[in-house]
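Here's a quick tour of how side chains pair up, inside a chain and between chains. Take a look at the structure first, then read on.

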Amino acid sequence: MEKHYTDSRAKAVSTGTTILAAVFDGGVVICSDSRASIGGEYVSSKTINKVIQVHDRIFCCMAGSLADAQAVIKTAKFHLSFHSVQMESPPLVIAAASVLKELCYQNKEELQAGFMAAGWDKKKGPQVYVVSLGGMLVSQSVTIGGSGSTYIYGYVDAKYKPNMSKEECLQFATNALALAMGRDNVSGGVAHLVVITETGVEHVVVPGDKLPRFHDE
Amino acid sequence: MNFYVPVAEYLDESPIQFGQLSPSHSANGIPSPGSLLESTLPSHLPLLASSQPVPLPFPMSHGTTTLAFVFQGGVLAAADTRSSCAGLVACPASQKILPIHSHMVGTTSGTSADCALWKRILARELRLYQLRHGRRLSTRGAAKLLSHMLHPFKGTELCVAATLCGWDGGELHDPADDRETRRSPETDLEITGDASGGKVSVLRSSSGPSLVYVCSDGTRLNGKLFSVGSGSPYAYSIVDQGVHWGLTVEEATAIAREAVYRATHRDAYSGNCVDVYHVTSKGWTRRKREDLKEEYYREKAKQSHEGETRRDSA
């Protein structure tokens, strides 16, 4: 996923951010930091939640221009709920990702937002999809995005294992976020983690002082 | 007593004339903007009076991954070995960690040519200092010297980002003496501990492992962990979560190697092999250069093996 969203010409509220989604055995973890900044200089919010629920078992993470992302997600939520009523069953994760992709691709001139969609459905179980800036849709088992993601590529490459347990995956995600927040100045605040499994959804918030500390921080 | 302070001279001298006995030494020592630009020309050409900056003949190489950190066993420095020139791998086996003297190495990042030259200049100046004063200059002193030597080039195309990793402490003329020598950092006064009286207590003794980052834009930072280069963001997470003071040498080497390996995996301008240098009180030692391609295939084999055992045991 593209990393540089601090377009200071527009000076829009943009989420210099760190977002991560990973599949584990039986579910998926999607998480983000909570800092919103303007032009990388002013923190406009320390505690925004960048993980948005678009359906019962499908969550989305946004990166890029906050305004664009919120608008797209609102539209996507509507489309998805309509779609699930029509199909008389919960939507597939790929359906949610495709809705986002259509919106991003058809409006690529105006929009500057990218997404991760993660969730659980009956057909394929836990999945993670990435919709990038121009509207490309890709399925991956672990994915990171936002400006802080450059600093954790090494960690994610090294430490992610397929079929981890839920606790291992939560620890992996928290560590990754903490490392990224430690090095990226536009990521920070608390860590929002959402765990989605067949049985339900769990929202874990790790405040700044409970984040794992590394060496001499 | 005559204290020789070389630093002030560098600020007055034209950069071209460092240590050279050139007959065309200008009477006016202060470099004018014109002469600064002429420093990009080879020195045997007649100095032109034009103020046109000379364009670079080809894009200089800039991509690399280097890292260094301090731990209980000394200083560990690691770097990849790829020298790239825009999209071409100009040299897959270059040396990015250059020894400066027996107890100091420097990692290089930026333009390879600039780094190699300035490391040699620094090594020469440190040796001269050692001969004049009977002791090695501390790492922080060497960093300050390098930073001041690079200052006249601020604003030019010179690009040097180096971390100096050294072990300070120990006298030149009595190597068998294990007593700590107390001295104030970065001054020319020596206060040896074996004098019967007149010991001056200092705030901190400058001995032990030391790591300083010096950049040609003027940054000079003392720290415990640095990673420099285009691949550095990818290496940071590995060293951030793995490095702490109490590491053993084997653990530290493993972390440094893995960090460079991960960075070379993601960064196009880093790759090929990894060099690891370890600086202790006895000097620097170098680990045999390892090809990271083998590391990649070893890891793939391990992962598929692990996947099988997980499937079997699940």
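A:Lys50 is buried, at a relative accessible area of 0% (buried is under 20%, exposed over 50%, partly exposed in between, using a 1.4 Å probe and protein chains only). Keep in mind that this is a predicted model: local features need pLDDT of at least 70, side-chain atom pairs count only at pLDDT 80 or more, and totals for chains, interfaces and linings use all residues. Residues are numbered from 1 along each chain as its sequence is written, chains are lettered from A in the order in which they are written, and side-chain values use heavy atoms, with hydrogens and water left out.

**Salt bridges**

- A:Lys50 pairs up with A:Asp33 in a salt bridge, with the closest N and O atoms 2.9 Å apart (the rule: a side-chain nitrogen of Lys or Arg within 4 Å of a carboxyl oxygen of Asp or Glu).
- A:Asp33 sits in the loop between strands S3 and S4 of chain A and A:Lys50 in the loop between S5 and S6, so the pair ties together parts 17 residues apart in sequence (strands are DSSP runs of E, at least two residues; helices are runs of H or I, at least four; both are numbered from the N terminus).
- A:Asp33 is buried too, with a relative accessible area of 0%.
- Over in chain B, B:Glu290 and B:Arg287 meet in a salt bridge (2.6 Å, N to O).
- Over all chains, the structure holds 16 salt bridges.

**Where the chains meet**

- On chain B, 18 residues are in contact with 19 residues of chain A (contact means heavy atoms within 4.5 Å).
- Two salt bridges turn up across this interface.
- A:Arg183 and B:Asp240 meet in a salt bridge at 2.8 Å, N to O.
- B:Asp240 is buried at 4% relative accessible area, while A:Arg183 is partly exposed at 29%.

**Aromatic pairs**

- There are nine aromatic pairs over all chains (ring centres of Phe, Tyr or Trp, using its six-membered ring, within 6.5 Å; planes under 30 degrees apart are stacked, over 60 edge-to-face, the rest tilted).
- A:Tyr153 and B:Tyr234 make an edge-to-face pair, 5.6 Å centre to centre with 65° between the planes.
- A:Tyr153 lies in helix H3 of chain A and B:Tyr234 in helix H5 of chain B, so this pair joins two chains.
- Ring pairs also link A:Tyr155, A:Tyr160 and A:Phe172 into a cluster.
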